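Subject: Structure handover

Hello,

Here is the structure you asked about. Please open it next to this message and follow along.

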Amino acid sequence: MTDTATGSGKFITFEGGEGVGKSTQVKILAERLAENGIDVLLTREPGGSPGAEEIRALLVRGGTDKWQPMTEALLHNAARAEHLEKTVKPALAAGKWVISDRYADSTIAYQGYGQGVDINALLEIHKISTDDFWPATTVILDGHELHRAKARENENSDREDRYERMGDDFHEKLRESFLDIAKNNPDRCVVVSADGTIDEVAERVWRAIGMENKQ
Ligand code: TMP
């Protein structure tokens, strides 16, 4: 697998189920890195570039069954290819640290473990879509999801909650899926417990990315 050392930047991704506080932690980390003089770009998937945000809108809204699982996997990879070329790689080449709220492990967990797409096929698609581009470090935020899956009512709503409506079974699988991914990728992934206060978790994240000797 290709590491990500492009320029002097560093690519870090965050993964986890819904409602474990991931987006809060991503923001705290980006702020703290910036306070330490590191030039940081905070981004997200699906999305993070104009084209990828258009693809995101197809994925996160509407009926839970609107796509075949493979279609969904391909759309996430299409968005990722855009995001990488238009946003992530230029920032890394400029020496920035890029922190992405989700990346390819979400496709493995959601479309693979969750929706049943063959994991080896997903890894092949990732190779083709991204030239096998992986982050230096992936923080897997592990905890109980804070809310139950939303009811499937409002399938036509305009809210970005399509995955949250996918049912409790689906969401229960996600936690185990991410832990499995971490076990299979010990050099890249670090599991951080989401238990405790926001500050406690932020401190764990800080240590997990090797910043314990910094303020
Ligand atoms: P979020 O921006 O709230 O995390 O929402 C994005 C949703 O998309 C989230 O429920 C996880 C899902 N997702 C996938 O199913 N596959 C993927 O590859 C990615 C990046 C996200």
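Helices and strands here are DSSP runs, numbered from the N terminus: a helix is H or I with at least four residues, a strand is E with at least two. One caution before the findings: this is a predicted model.

**Arg 102**

Start with Arg 102. It sits in the loop between strand 3 (97-101) and helix 4. Is Arg 102 buried or exposed? Arg 102 counts as buried because its relative accessibility is 12%, and the cut-off for buried is under 20%. A side-chain N or O atom of Arg 102 is 2.8 Å from an oxygen atom of the ligand.

**The ligand**

The ligand is surrounded by 13 residues. The closest are Glu 18, Arg 56, Arg 102, Thr 107 and Gln 111. Glu 18 places a polar side-chain atom 2.5 Å from a ligand oxygen atom. His 76 places a polar side-chain atom 3.1 Å from a ligand nitrogen atom.

**The largest pocket**

The largest pocket holds about 570 Å³ of space. Its lining counts 27 residues. Nearest the centre of this pocket lie Glu 18, Lys 22, Glu 45, Arg 56 and Arg 102. Glu 18, Arg 56 and Arg 102 are also among the residues closest to the ligand.

Which helices supply at least two residues each to this lining? They are helix 1, helix 2, helix 3 (69-93) and helix 4 (104-114). Helix 4 gives the largest share, four residues. By class, the lining of the largest pocket has twelve charged, nine polar and six nonpolar residues.

Arg 56 is buried because its relative accessible area is 11%, against a cut-off of under 20%. Leaving out residues up to four places away in sequence, Arg 56 touches Arg 44, Glu 45, Pro 46, Gly 47 and Glu 160.

What does the side chain of Arg 56 reach at 2.9 Å? The answer is the backbone oxygen of Pro 46. Pro 46 is in the loop between strand 2 (40-44) and helix 2. The peptide bond leading from Glu 45 to Pro 46 is cis, with omega near -10°.

For scale, take Arg 56 and Pro 69. They are 13 residues apart in sequence. In space, C-alpha to C-alpha, Arg 56 and Pro 69 are 15 Å apart.

**Cavities**

Rolling a probe the size of a water molecule over the atoms shows where empty space is left. There are three cavities of 30 Å³ or more.

The largest cavity has about 60 Å³ of space. Its lining is Gly 16, Gly 17, Val 20, Ile 140, Leu 141, Asp 142, Gly 143, Glu 145, Leu 174, Arg 175 and Phe 178. Strand 4 (137-142) and helix 6 (168-184) each give at least two of the lining residues. Five residues of this lining are nonpolar, three are polar and three are charged.

The second largest cavity has a volume of about 50 Å³. Gln 25, Ile 28, Leu 29, Arg 32, Ala 202, Val 205 and Trp 206 line it. Helix 1 (22-35) and helix 7 (198-208) are the elements that give two or more residues to this lining. Helix 1 has the largest share, with four residues. The lining of the second largest cavity divides into five nonpolar, one polar and one charged.

Asp 132 is in the loop between helix 5 (119-130) and strand 4. Phi of Asp 132 is near 60°, a positive value in a residue other than glycine. Asp 132 is buried, with a relative accessible area of 12%.

Asn 185 is in the loop between helix 6 and strand 5 (189-193). Asn 185 is buried too, with a relative accessible area of 19%; the cut-off is under 20%. A polar side-chain atom of Asn 185 lies 2.8 Å from the backbone oxygen of Ile 181.

Best regards

Definitions and conventions:
Residues are numbered from 1 along each chain as its sequence is written. This is a predicted model: local features need pLDDT of at least 70, side-chain atom pairs count only at pLDDT 80 or more; totals for chains, interfaces and linings use all residues. Side-chain values use heavy atoms; hydrogens and water are left out. On a 1 Å grid over the protein atoms alone, a cavity is a set of points where a 1.4 Å probe fits but cannot get out, and a pocket is an open set with protein on both sides within 12 Å along at least five of seven lines; lining residues have an atom within 4 Å of a point. Grid points are joined across faces, edges and corners, and a volume is the space filled by probe spheres set on the points. Ala, Val, Leu, Ile, Met, Phe, Trp, Tyr, Cys and Pro count as nonpolar, Asp, Glu, Lys and Arg as charged, and the others, Gly among them, as polar. Buried means under 20% relative accessible area, exposed over 50%, partly exposed in between (1.4 Å probe, protein chains only). Contact means heavy atoms within 4.5 Å. A polar contact is a pair of N or O atoms within 3.5 Å; within protein, one must be able to donate a hydrogen and the other to accept it, and residues adjacent in sequence count only if both atoms are side-chain atoms. A residue is near a molecule or strand if one of its heavy atoms lies within 4 Å of it.
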